Amino acid sequence: MEHYLLVKWLHILSATLMFGTGFGTAFYMFVTNRSGNVQAIAVITRWVARADWWFTTPAVIFQPISGLLMAHWLGYPLTAQWLMSSLILYALAGACWLPVVWLQLKMRDMAQIAASNNKPLPALYWRYEKIWTVLGFPAFISLIVVYWLMVSKPF
């Protein structure tokens, strides 16, 4: 059981990092985009991309591994409805997150070029920003429900 408590602690920590980093960086990128300040957008998009690689990506990988390991140790069947629902919602969040990462990298590059050349952001940046924003909602809601399912295990 000693290993279980360590993995559980790391699972909670990584969930906190994943959700907190994701929500925090999304907030800063969203509000900075609204400012229209190309120099600020260039800085924030660079740091958002880094934060996703440094914090979110390892947590995204660790979460299902540690979660399934703990479920196995506790004897929960993978067919338990709360667990299956969690995995499906986690996959939905991931399906939203992967294109968001790609969009962030493209937006970062466009912002860096615009800032370096003292030019406005191209129209493509703003098209990507709309898609990026829309994809954030189902990912955020899915993860909130996953948190609830993990804590309550209602069915």
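Asn 118 is placed in the loop between H3 and H4, where helices (H or I, at least four residues) and strands (E, at least two) are DSSP runs numbered from the N terminus. The phi angle of Asn 118 is near 55 degrees, a positive value in a residue other than glycine. With a relative accessible area of 69%, Asn 118 is exposed; the classes are buried for under 20% relative accessible area, exposed for over 50%, and partly exposed in between (1.4 Å probe, protein chains only). A positive phi, near 40 degrees, is also found for Lys 153, again a residue other than glycine. Lys 153 belongs to the segment after H4 and is partly exposed, at a relative accessible area of 31%.

The structure is a predicted model, in which local features need pLDDT of at least 70 and side-chain atom pairs count only at pLDDT 80 or more, whereas totals for chains, interfaces and linings use all residues. Residues are numbered from 1 along each chain as its sequence is written, and side-chain values use heavy atoms, with hydrogens and water left out.

The chain contains four helices and zero strands, and its elements follow the order α-α-α-α from the N terminus on. Along the principal axes, the C-alpha atoms fill a box of roughly 60 × 25 × 20 Å. Of the 155 residues, 37% count as buried. Contacts were defined by heavy atoms within 4.5 Å; among those between residues at least 6 apart in sequence, 81% join residues at least 24 apart. The chain exposes about 9,100 Å², of which carbon and sulfur atoms supply 74%; accessible areas come from the Shrake-Rupley method with a 1.4 Å probe, and for residues only the protein chains shown count as cover.

Pockets were then examined. On a 1 Å grid over the protein atoms alone, a pocket is an open set of points where a 1.4 Å probe fits, with protein on both sides within 12 Å along at least five of seven lines, and lining residues have an atom within 4 Å of a point. Grid points are joined across faces, edges and corners, and a volume is the space filled by probe spheres set on the points. The largest pocket has a volume of about 700 Å³. Its lining comprises 28 residues, of which Gly 22, Ala 26, Gly 136, Ala 139 and Phe 140 are the closest to the pocket centre. Two or more lining residues are given by each of helix H1 (2-35), helix H2 (38-74), helix H3 (81-116) and H4. By class, this lining of the largest pocket has 20 nonpolar, seven polar and one charged residues, with Ala, Val, Leu, Ile, Met, Phe, Trp, Tyr, Cys and Pro counted as nonpolar, Asp, Glu, Lys and Arg as charged, and the others, Gly among them, as polar.

The second largest pocket has a volume of about 550 Å³. Among the 26 residues that line this second pocket, His 11, Gln 63, Gly 67, Met 70 and Met 150 lie nearest its centre. H1, H2, H3 and H4 each give two or more residues to the lining of the second largest pocket. That lining divides into 19 nonpolar, five polar and two charged residues.

Two salt bridges are present in the structure, a salt bridge being a side-chain nitrogen of Lys or Arg within 4 Å of a carboxyl oxygen of Asp or Glu. In one of them, Arg 34 pairs with Glu 129, and the closest N and O atoms are 2.8 Å apart. Since Arg 34 lies in helix H1 and Glu 129 in helix H4, the pair ties together parts that are 95 residues apart in sequence. Arg 34 is partly exposed, with a relative accessible area of 44%, whereas Glu 129 is buried at 4%. A salt bridge also links Arg 108 to Asp 109, with the closest N and O atoms 3.0 Å apart. Arg 108 is partly exposed, at 24% relative accessible area, and Asp 109 is likewise partly exposed, at 34%.

Tyr 128 lies in helix H4 (residues 123-152) and is buried, with a relative accessible area of 15%. Not counting residues up to four places away in sequence, Tyr 128 touches Trp 102, Leu 103, Lys 106, Met 107 and Met 110. Tyr 128 and Leu 103, 25 residues apart in sequence, are separated by 6.2 Å from C-alpha to C-alpha.
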